Amino acid sequence: MLDAKALFYTSAAAVFVMALLNFITWRANRNFVGIGLYVFYPVCLLLAILLFALKSTVDVGSQALVVLANISFMLGSIIHVLAISRFLDYKGFVTTLFIFVSAFLLLGFTYFMFFDSNLRTRVLLSDLQHIAEALCLTYIVIRYGRHKYPSASLVYLIALVMCLGIFSARTIWIGDIDRFSLIRNDWFSMTLLINGVLAPMLYAAGLALFCNERRELNLNQLTAKAQKDLEIRGLFLSTVSHEIRTPLNGILGSAQLIMNQSNNPKNKPYCEAIINSAESLNLLIDKVLEYASLDQSDEALFEEDVELRTWINNLCLLLSPLAEQKGVKFELNFNLPRQACYYCDHQKIRQVLINLVGNAIKFTDRGEVILQVDLLREGQEEHTLRFSVIDSGPGIEQEEIQYLTEPYVQSSAGKLKGGSGLGLAITSRLLEHLGSQLIIDSEVGKGSIFSFDMRLTVGELSLVEKRPQTTHYLTGLDVLLVEDLDLNQKIAIEFMAEDEHRVKLATDGHSAIELMQQYHFDVVLLDMNLPDLSGQEVIRRLKNIDHRNHRTPFLAFTASLSPDEVKEYLALGIKDIVGKPIKQEKLRQALSDSQSSQAPNLSVELKDVLYDETAAEQMANTFEEQELTSIYNEFVLSARNKLLRCQQLMASDKEQCIKVLHRQASTALQLGFNRYGMALKKIERRLLEDKPLDTHLSDCLELWQQSLELYLKSMRAQV
């Protein structure tokens with residue numbers, strides 16, 4: 001037999017601990033319905049236990065103490081059921097039925113306490129009340145808590161089954177008792193142990209688990225909502241951005257038409273302002289789309305074994321022309337072994353470095369920009385590298401630095417230079433995907449350092465891609481690229497950077513002549529239709545002035561490849577012809593052949609199709625997917641307006657019409673709209689030669705419509 005007195009003390013201590021734990025749980029979860037009411041449950045239990053303990057220690061029985069103790073117990077039971085019902089959001093009739101049953105049993109208990117001396121009946125009524133409580137809570141927890149709160153429900157059901165079992169057993173087997181033998185009865189001790197010691201501890205643990213699982217559910221719901229909001233936001237941004245492009249290109253085309261047709265010089269600055277604003281908005285749309293795609297992207301890293309120095313040298317060759325155009329010195333400090341190889345997602349690192357170096361060149365008006373790579377820690381299988389972009393630009397205020405990686409936030413210098421305020425935000429997101437973060441250190445007037453650290457697994461030299469093709473073509477040439485179209489510039493520089501050619505860029509004939517007077521080149525890649533001079537005129541002028549490239553071979557960079565034109569190029573001393581659209585193998589071979597006496601290969605493969613799907617595939621290595629999509633979208637949305645503009649310019653400004661046709665034809669050919677591009681090129685050529693047109697621009701409109709339908713069909717098939 002268990003000592004009743006010791007059990008009373010133990011039970012009181014256990015219920016006190018339960019009260020304390022419930023209070024702490026309520027403090028942490030006071031916003032949950034039902035938790036505040038639950039705090040009073042152990043208070044009622046503790047009061048009842050103390051009243052029973054007092055009754056058992058005095059010699060003279062007090063009926064009032066017993067009634068009060070049972071009232072406290074039953075009130076606690078009702079609070080318990082109401083609290084759990086409210087927490088689990090149960091509003092059914094079972095709770096109401098339980099309250100009526102409890103009230104009826106309490107009235108019966110009170111009656112037998114004062115008007116009948118049968119103690120066995122009073123115990124039976126008390127046990128029935130506990131059984132009703134256990135049954136009611138078991139139903140509610142199983143029906144409304146088990147699926148949402150599995151762990152808490154399990155703990156609670158263990159306690160309820162224990163109480164249900166012990167009170168049911170006592171009801172059946174306790175036998176006849178009197179008030180002197182009750183507290184010495186084993187059934188009394190066992191029910192006190194379970195209901196007064198074990199159950200309160202399990203209830204306290206169950207309540208804490210209920211709250212933890214409720215918080216987890218809320219967090220999961222918030223996460224799901226945030227993810228859905230993110231997807232909706234990305235879809236909204238993408239949809240709105242694409243929808244904006246159509247009227248935006250209409251504004252751009254209309255402003256250009258007004259500027260070219262108006263004879264009032266006062267209108268020109270207003271039209272230029274509209275055009276510049278529209279182009280800035282177009283750039284902002286591209287950045288917003290890129291940022292939205294990063295928000296939604298959770299793709300895994302695509303790691304390859306990369307020979308770092310060769311890879312980063314090629315990247316610098318790609319960026320050098322941009323720095324040279326601004327007159328800014330750009331150099332690489334590579335403080336690692338020459339043949340260091342690492343596994344990394346080089347496409348994402350490439351985008352980060354292009355963003356950072358591009359920003360540095362943009363904000364540095366004089367001085368230098370340095371890309372530096374250092375080895376911070378060297379492990380057996382893993383190295384920690386630091387990539388730093390150091391510039392001598394205007395610097396950044398200290399209070400502005402912490403906000404620069406937030407979207408649409410710009411520094412003071414950034415506001416002066418213009419931009420979307422998304423560049424560093426995109427860079428920061430990319431670095432998060434790579435497991436790194438952007439570190440910014442800057443001082444006003446002294447420049448800035450943008451850096452990030454990366455832990456990279458050491459690669460294996462045996463796995464590094466060799467360059468067997470170097471035995472078939474040359475690398476490391478000094479090349480002058482003369483090209484005015486941005487798209488062709490980027491593709492040509494990217495292709496040549498892969499072969500480690502050092503490229504200087506000129507965007508018109510006069511700047512090309514100036515560069516050839518200052519520097520010696522191994523080869524000149526010359527666009528034959530420039531904004532100011534034709535390629536033929538550039539070559540003729542060079543023959544009459546002093547420069548450093550008298551023996552330098554010239555390659556014609558053009559889509560004009562009629563037999564007469566080819567004869568003209570060769571008569572001028574052109575070594576070879578690189579046709580547009582640009583093909584990497586043809587460009588590579590022409591550059592190699594230019595340094596030998598090998599006869600030129602003048603054949604240009606151009607499929608006679610409305611839309612060549614392979615064009616986008618060939619450009620995929622040069623442009624990121626979002627950037628390539630943006631290029632196609634911009635061309636497709638503006639093509640019709642630009643063609644209509646050419647119709648307007650045909651009579652009023654033939655020279656401007658030729659320039660527009662040239663840019664449209666070159667872009668169309670590069671993007672795979674072959675028949676349309678060749679039709680525009682043919683019209684351009686006849687206008688240059690002052691010959692009558694045998695193909696009208698209205699025919700080109702119909703040809704464009706057919707090309708567009710085939711392009712859209714191809715896009716739908718890919719989706």
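Predicted model: local features only at pLDDT ≥ 70, side-chain atom pairs only at ≥ 80, totals over all residues.

## Strand pairing

Strands E1 (residues 304-307) and E3 (residues 341-344) run antiparallel and are joined by four bridges. Within the pair, cysteine 341 of E3 has glutamate 307 standing opposite.

Strand E3 is also joined to strand E7 (residues 447-458), in an antiparallel arrangement with two bridges. Here tyrosine 343 has threonine 457 of E7 as its bridge partner.

## Nonpolar surface patch

A nonpolar patch on the surface is formed by Phe16, Val17, Leu20, Leu21, Phe23, Ile24 and Met201, whose accessible area together is about 600 Å². The most is given by helix H1 (residues 4-28), with six residues.

Methionine 201, another member of the patch, is found in helix H8 (residues 186-261). The relative accessible area of methionine 201 is 37%, so this residue is classed as partly exposed; that class lies between the limits of 20% for buried and 50% for exposed.

## Annotated transmembrane regions

An unreviewed UniProt entry places the feature "transmembrane region" at residues 6-25, 32-54, 60-82, 94-115, 154-175 and 187-211.

For two of these spans, the geometry in the model can be stated. Residues 6-25 are 100% helix and 0% strand, and the end C-alpha atoms of this span lie 28 Å apart. Residues 94-115 are likewise 100% helix and 0% strand, with end C-alpha atoms 31 Å apart.

Methods
Residues numbered from 1 in each chain as written. Heavy atoms only, no water. Pairing = 2+ DSSP bridges. Patch = residues over 30% accessible without salt bridge, like charges linked within 9 Å, V, L, I, M, F, W, Y side chains within 5 Å. Areas by Shrake-Rupley, 256 points an atom, 1.4 Å probe, with all protein chains shown as cover. Salt bridge = Lys/Arg side-chain N within 4 Å of Asp/Glu carboxyl O. Buried < 20%, exposed > 50% of the residue type's maximum accessible area, 1.4 Å probe, protein only. UniProt positions renumbered as here; feature names shortened; annotations may be inferred.
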